[in-house]
Amino acid sequence: DKNMKLTFDEHLSPHFTVGEFFRSGTAIRLGIENEPDAHPEDGLTNEEVVENLRALCTEVLEPLRRRVGRVIITSGYRCQKLNKAVGGVWNSQHLRGEAADIYVSDTEMAMRYGRILEEHSAVQQVLLEPLGTKRKRWLHVTFKRKK
């Protein structure tokens with residue numbers, strides 16, 4: 001059976017579960033099934049996305065958590081339909097499970113997390129978002145596996 005069922009309580013790494021990266025309030029509200037296997041036109045399987053997320057957790061999010069304690073994921077994987085609905089860029093790494101948005105309470109926390117990520121992980125990109133506003137509400141981090 002090539003279709004891998006998503007198990008929301010399965011651990012991607014010691015402190016992060018599958019559910020944290022697939023659950024979406026917007027998807028629920030709009031009745032979008034936010035899972036790769038539900039959208040073959042997006043070109044990725046559940047298994048591929050989970051492997052990408054596992055690498056993101058292991059290489060970037062766990063090292064951050066070891067330094068700062070609990071890390072809250074506000075957005076992980078997004079299917080094309082959900083990505084459009086939330087105004088994501090057309091080629092977003094969220095579409096491949098290579099990005100996560102981390103909740104930050106203020107700009108100071110965002111800056112601290114950003115510094116730690118850039119010093120101590122394989123993170124490829126750290127953006128303080130929303131862009132163009134003074135108040136930062138989340139950090140967008142990306143990691144792409146070497147295939």
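Modeller: Start with the terms for elements: helices (H or I, at least four residues) and strands (E, at least two) are DSSP runs, numbered from the N terminus. By that count, Phe143 lies in the segment after β6. The model is predicted: local features need pLDDT of at least 70, side-chain atom pairs count only at pLDDT 80 or more, and totals for chains, interfaces and linings use all residues. Residues are numbered from 1 along each chain as its sequence is written, and side-chain values use heavy atoms, leaving out hydrogens and water.

Colleague: How many helices and strands does the protein have? In what order do they run from the N terminus?

Modeller: There are 5 helices and 6 strands. From the N terminus the order is β-β-α-α-α-β-α-β-α-β-β. The radius of gyration is 15 Å, close to the 15 Å from the globule rule for 147 residues, so the protein is as compact as a globular protein of that length. That radius is taken over C-alpha atoms, and the rule is 2.2 Å times the number of residues to the power 0.38. Along its principal axes, the C-alpha trace spans about 45 × 30 × 25 Å.

Colleague: What share of the residues is buried?

Modeller: Use the cut-offs: buried is under 20% relative accessible area, exposed is over 50%, and partly exposed is in between (1.4 Å probe, protein chains only). Buried residues make up 46% of the 147. The protein exposes about 8200 Å². Carbon and sulfur atoms supply 52% of that area. Areas come from the Shrake-Rupley method with a 1.4 Å probe; for residues, only the protein chains shown count as cover.

Colleague: Where is Glu119 found, and is Glu119 buried or exposed?

Modeller: Glu119 is in helix α5. Its relative accessible area is 54%, so Glu119 is exposed. Its C-alpha is 20 Å from that of Glu129, 10 residues away in sequence.

Colleague: Which residues have the most contacts inside the largest nonpolar core?

Modeller: A nonpolar core is a set of buried Ala, Val, Leu, Ile, Met, Phe, Trp, Tyr and Cys residues joined through side-chain atoms within 4.5 Å. The largest one here has 37 residues, and Phe21, Phe22, Leu61, Ile102 and Val141 have the most contacts inside it. At least two residues each come from α1 (18-22), α3, β4 (99-103), α5 (107-120) and β6. Helix α3 gives the most, with 10 residues.

Colleague: What does Leu61 touch?

Modeller: Contact means heavy atoms within 4.5 Å. Not counting residues up to four places away in sequence, Leu61 touches Phe16, Phe21, Leu56, Ile73, Ala100, Ile102 and Val141. For the whole protein, take contacts between residues at least 6 apart in sequence: 64% of them join residues at least 24 apart.

Colleague: Where does Leu139 lie, and what is in contact with Leu139?

Modeller: Leu139 lies in strand β6. It counts as buried because its relative accessibility is 0%. Beyond four places in sequence, its contacts include Ala100, Ile102, Tyr113, Leu117 and Leu127. Gly114 is another contact; the C-alpha atoms of Leu139 and Gly114 are 7.6 Å apart, at 25 residues along the chain.

Colleague: Is Phe143 buried or exposed?

Modeller: Phe143 is at 11% relative accessibility, so it counts as buried. Beyond four places in sequence, its contacts include Ala55, Leu56, Glu59 and Val60. Phe143 and Glu59 are 84 residues apart along the chain, yet their C-alpha atoms are separated by 7.8 Å.

Colleague: Where does Leu44 lie?

Modeller: Leu44 lies in the loop between α2 (25-30) and α3 (46-68). At 18% relative accessibility, it still counts as buried. Leaving aside neighbours within four places, Leu44 contacts Pro36, Asp37, Val49, Leu95 and Arg96. Its C-alpha is 34 Å from that of Met109, 65 residues away along the chain.

Colleague: Which residues does a cis peptide bond join?

Modeller: Most peptide bonds are trans. Here a cis bond joins Glu129 and Pro130, with omega about 0 degrees. Pro130 lies in the loop between β5 (125-129) and β6 (138-142).
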